[in-house]
Amino acid sequence: MYKVNKIAVVLGIGILLLFIICLIAVRQIVEPSDIIPYQTADIYHNGILVESISLGLVSETWCLTLVSENGNVNEIEIRPGEIGMLYADCPDQLCVKQGFISNSHLPITCLPNRVVITLRNTDGVQPDAVTY
Amino acid sequence: MNSKKIANLALFTTIALAVYAAESTLAPILPVPGMKLGLANIVTLVMIRNFTARDTFLVLIMRILLSTFFFGQFISLLYSLCGGLLCFAVMLMVNKLLQGHYLFLTSILGGTVHNLGQLLIAFLLTSVSGVLVYLPFLVISGILTGLFTGLCAHFAQKYLMPVISRF
């Protein structure tokens, strides 16, 4: 019994530490100290970078439609300064409910359709696309 | 396996399935994929504490397979399987260490590992390192829901087990 109590205390303290560390991490993520407006959005489909859009350089709203091999459709709308999932045929609709993001660390993820939209800081002035 | 055992195991599977179905109708709080209450774990916990690992494994596999057939797509089978089996292995080990006491600790660790397992699969499937930013959210959610389900399981099995006829 004594040994069990010792193990329980060790586990309990470990869990508490993990909890506190994650709380700090969450606070960092949700309130980033480096809020720079108009970042660059990276759209990944099946692990491949499909588009990289500098949100600050968007002048008018446009739509990007992604279709996967088994026919799953995701519609992404890009507005000046923000990006969001307009439509998706996944069952949970988490991606659509998230709405539009402009400077958040949290990506828009449609896991069933393997679409991920992440934001990153645009360092300096960059061209949207480069061709060789 | 005698018919009494089959009936009892089927009952446990049904309860887990029903709880899973009910929970899937709840609206998500945060747009983090994989964040949920995990109430079906209550059944797994009660079984881990009071039945053999083999019986618990059977019920767990049956619940995952049936829930995917009824409520999910094929892809969710991979997620559920990975998270569920990892969670089962960890809870089995921790329960053995704690010898059946402090069920909420077992549950917390199991729930957290379950969420981490699903995040790992999501990372492997999407190949985008950005999804790892969900990690602290899932750990916190895993700890809190694990505490809740652990307490539920502790009281459920405390009052339920004397009534269930052993097979």
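Ser127(B) is partly exposed, with 14 other C-beta atoms within 10 Å. On this scale a residue is buried if 20 or more other C-beta atoms lie within 10 Å of its own, exposed if 12 or fewer, and partly exposed in between, with C-beta atoms placed from the backbone. The structure is a predicted model, in which local features need pLDDT of at least 70 and side-chain atom pairs count only at pLDDT 80 or more, while totals for chains, interfaces and linings use all residues. Residues are numbered from 1 along each chain as its sequence is written, and chains are lettered from A and ligands numbered from 1 in the order in which they are written.

Ser127(B) is not a glycine, yet its phi is positive, near 55 degrees. The residue belongs to the loop between α5 and α6 (135–160) of chain B; helices (H or I, at least four residues) and strands (E, at least two) are DSSP runs, numbered from the N terminus. A positive phi, about 50 degrees, is also found at Tyr102(B), likewise not a glycine. Tyr102(B) sits in the loop between α4 (74–98) and α5 (103–126) of chain B, and is buried, with 22 other C-beta atoms within 10 Å.

## Helix packing in chain B

The axes of α4(B) and α5(B) come within 8 Å of each other and cross at roughly 150 degrees. Axes are lines fitted to C-alpha atoms, for helices over the stretch in contact, and angles run from 0 to 180 degrees between N-to-C directions. The crossing makes α4(B) roughly antiparallel to α5(B); angles under 35 degrees count as roughly parallel, over 145 as roughly antiparallel, 65 to 115 as roughly perpendicular and the rest as oblique. The crossing of α4(B) past α5(B) is right-handed, a term used if the near helix is turned clockwise from the far one by less than a right angle, with left-handed for anticlockwise. Among the residues that make the contact are Cys82(B), Gly83(B), Gly84(B) and Cys87(B) of α4(B), and Gly110(B), Val113(B), His114(B) and Gly117(B) of α5(B). Two residues are in contact if their C-beta atoms, placed from the backbone, lie within 7 Å. By class, this contact has 13 nonpolar, 8 polar and no charged residues. Ala, Val, Leu, Ile, Met, Phe, Trp, Tyr, Cys and Pro count as nonpolar, Asp, Glu, Lys and Arg as charged, and the others, Gly among them, as polar.

A second pair is formed by α1 (residues 3–24) and α3 (residues 53–71) of chain B, whose axes come within 9 Å and cross at roughly 40 degrees. These two helices, α1(B) and α3(B), are therefore oblique to each other, and α1(B) passes α3(B) in a right-handed crossing. Residues of α1(B) including Leu9(B), Phe12(B) and Tyr20(B) meet residues of α3(B) including Asp55(B), Met62(B) and Arg63(B). The contact of α1(B) with α3(B) comprises 11 nonpolar, 3 polar and 2 charged residues.

## Interface between the chains

Across the interface, 25 residues of chain B are in contact with 28 residues of chain A. On the chain B side, the elements giving two or more residues are α4, α5 and α6. That side has 19 nonpolar, 6 polar and no charged residues.

## Sheets of chain A

One open sheet of chain A has 4 strands in the order β3-β4-β5-β6, with antiparallel pairing. Its edges are β3 (62–67) and β6 (100–101), each with a single partner strand, so one side of each is left without a neighbour in the sheet. Strands pair if DSSP finds at least two bridges between them. There are 6 bridges between β3(A) and β4(A), with Leu66(A) opposite Asn74(A). The hairpin of these strands has 5 residues between them, and Gly71(A) in the turn has a positive phi of about 85 degrees. A further 6 bridges join β4(A) to β5(A), where Ile78(A) stands opposite Ile83(A). Their hairpin has 2 residues between the strands, with Gly81(A) at a positive phi near 90 degrees. Strand β4 (residues 73–79) has a covered face of Asn74(A), Ile76(A) and Ile78(A), and an uncovered face of Val73(A), Glu75(A), Glu77(A) and Arg79(A). Between β5 (residues 82–88) and β6(A) there are 2 bridges, and Gly84(A) is partnered by Phe100(A).

Another open sheet of chain A has 4 strands in the order β2-β1-β8-β7, also with antiparallel pairing. Its edge strands are β2 (48–54) and β7 (108–110), each with a single partner strand, so one side of each lacks a neighbour in the sheet. The twist averages 15 degrees from one strand to the next. Over 3 bridges, β7(A) pairs with β8 (residues 115–120) in the antiparallel sense, and Ile108(A) has Ile117(A) as its bridge partner.
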